[in-house]
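Q: I have just opened this one and have not looked at it before. Can you walk me through it?

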Amino acid sequence: MTIKIGIVGYGNLGRGVECAIRHNPDLELTAVFTRRNPESLKVLTPGATVCSYEEILSFKDSVDVLILCGGSASDLPVQTKELAEHFNLVDSFDTHAKIPQHFEAVDEAAGKGKKVAVISAGWDPGMFSLNRLYAGAVLPGGSDYTFWGKGVSQGHSDAIRRISGVKDARQYTVPVEEALKAVRNGSNPELTTRQKHTRECFVVAEEGADLDRIREEIVTMPNYFADYDTTVQFITGEELMRDHKGIPHGGFVIRTGTTGWEDENSHVIEYSLKLDSNPEFTASVLAAYARAAYRLNQEGQQGCKTVFDIAPAYLSSLSGEELRKNLL
């Protein structure tokens, strides 16, 4: 029996989810929901339906889990709360500072509908969050360091595209090499946000747009750019497609700590990702957590969950016996 999936939004992330479903035989794409004209979308999965977002509630009995693929700036704060009462769902909400607020709103809605809603499932927040937790539990006397990039941040790029006068944009997060080297050497530096990363923005503006205003809105945007050294470069649409077509990303989670009665032994735990496609990898994480959301709800659980609340076995298509035999 397959788990029937609905995709909300069919941009880079939504298309990535469709690919991820293809690689998971226990998942099946039932429908794609869009705010665009459904007739303008052609999906790759035979038999999958493309519907208007306004029709989504009519699928309450035919979709087991929704995977929400909108942006964190304005889509997910509304959609996740709106839909959690009616569907099991997963989102990739990635505005770290607002996760507690998002959790509370979604938990109330999911609890009311007796559904399971998994929020902030991706690689950061998500896989990186888990590694920070595991490493901190193992080395309680230590320091955490997270570096992102070099790569394209989908959420930050989306936030730029929502500025009036912006036609398209790509934003790269770049680790500061000196800071990364100091952490790996175990020197435990105290680093500010600005000392760890820089942000590079490549923006295609609409004809006649006020470039100075756009630049100022970007570099002062709270939760996205205000705390970083940010450069903004205006380019043509042709240059964007030629030089910035891909969506690579990656990064490092590093925990330094000590053991021994006198803290005489030092240790470094490092987890890293190097991704050709940020949205496709994020989509693969979402697919695994969609499986978990369905299983949890089948067991009678409800409410909002994060990656911290879900045991690893729920993510895998393998049985408990297979996991113990092959992976433990």
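Q: How many disulfides does the structure hold?
A: The structure holds zero disulfides, a disulfide being a pair of cysteine sulfur atoms within 2.5 Å. This is a predicted model, in which local features need pLDDT of at least 70 and side-chain atom pairs count only at pLDDT 80 or more, while totals for chains, interfaces and linings use all residues. Residues are numbered from 1 along each chain as its sequence is written, and side-chain values use heavy atoms, with hydrogens and water left out.

Q: Is C304 buried or exposed?
A: C304 is buried, with a relative accessible area of 5%. C19 is partly exposed at 31% relative accessibility. The cut-offs are under 20% relative accessible area for buried, over 50% for exposed, and in between for partly exposed, with a 1.4 Å probe and protein chains only.

Q: New topic. How many helices and strands does the protein chain have?
A: The protein chain has 11 helices and 14 strands. Both are DSSP runs numbered from the N terminus: helices are H or I with at least four residues, strands are E with at least two.

Q: What is the strand order in the open sheet of three strands?
A: The order is β7-β12-β13, and the pairing is antiparallel. Two strands pair if DSSP finds at least two bridges between them.

Q: Which are the edge strands?
A: They are β7 (142–148) and β13 (265–275), each of which pairs on one side only. From one strand to the next, the twist averages 10°. Axes here are lines fitted to C-alpha atoms, for helices over the stretch in contact, and angles run from 0 to 180 degrees between N-to-C directions.

Q: How many bridges join β7 to β12?
A: Seven bridges join β7 to β12 (residues 249–259), and these strands run antiparallel. T146 stands opposite V253 in β12.

Q: Which helix packs on the sheet?
A: Helix α4 (residues 127–138) packs on the sheet and touches β7, β12 and β13. The direction of α4 makes about 5° with that of β12. Contact means heavy atoms within 4.5 Å.

Q: What about α1, which residues are buried there?
A: Helix α1 covers residues 12–22, and its buried residues are L13, G14, G16, V17, E18, A20 and I21. They pack against the strands β1 (3–8), β2 (27–34) and β4 (65–68), and against the helices α5 (154–161) and α10 (278–298).

Q: Where is A97 found?
A: A97 is in the loop between β5 (88–90) and α3 (99–113). At 61% relative accessibility, A97 counts as exposed. From A97 to K167 there are 70 residues in sequence and 27 Å in space, C-alpha to C-alpha.

Q: Switching to charges. How many salt bridges does the structure hold?
A: There are 13 salt bridges. A salt bridge is a side-chain nitrogen of Lys or Arg within 4 Å of a carboxyl oxygen of Asp or Glu.

Q: Which residue does R170 form one with?
A: R170 forms a salt bridge with D168, and their closest N and O atoms are 3.2 Å apart. R170 counts as buried at 11% relative accessibility, whereas D168 is partly exposed at 22%.

Q: Where do D212 and R215 lie?
A: Both lie in helix α8 (residues 211–219), three residues apart, about one turn of the helix. D212 is exposed at 60% relative accessibility, and R215 is partly exposed at 32%.

Q: Which residues are linked in a network of salt bridges?
A: R35, D75, D158 and R162 are linked in one.

Q: Last one, the overall picture. What does the C-alpha trace span along its principal axes?
A: The C-alpha trace of the protein chain spans about 60 × 60 × 35 Å. Of the 328 residues, 49% count as buried. Among contacts between residues at least 6 apart in sequence, 70% join residues at least 24 apart.
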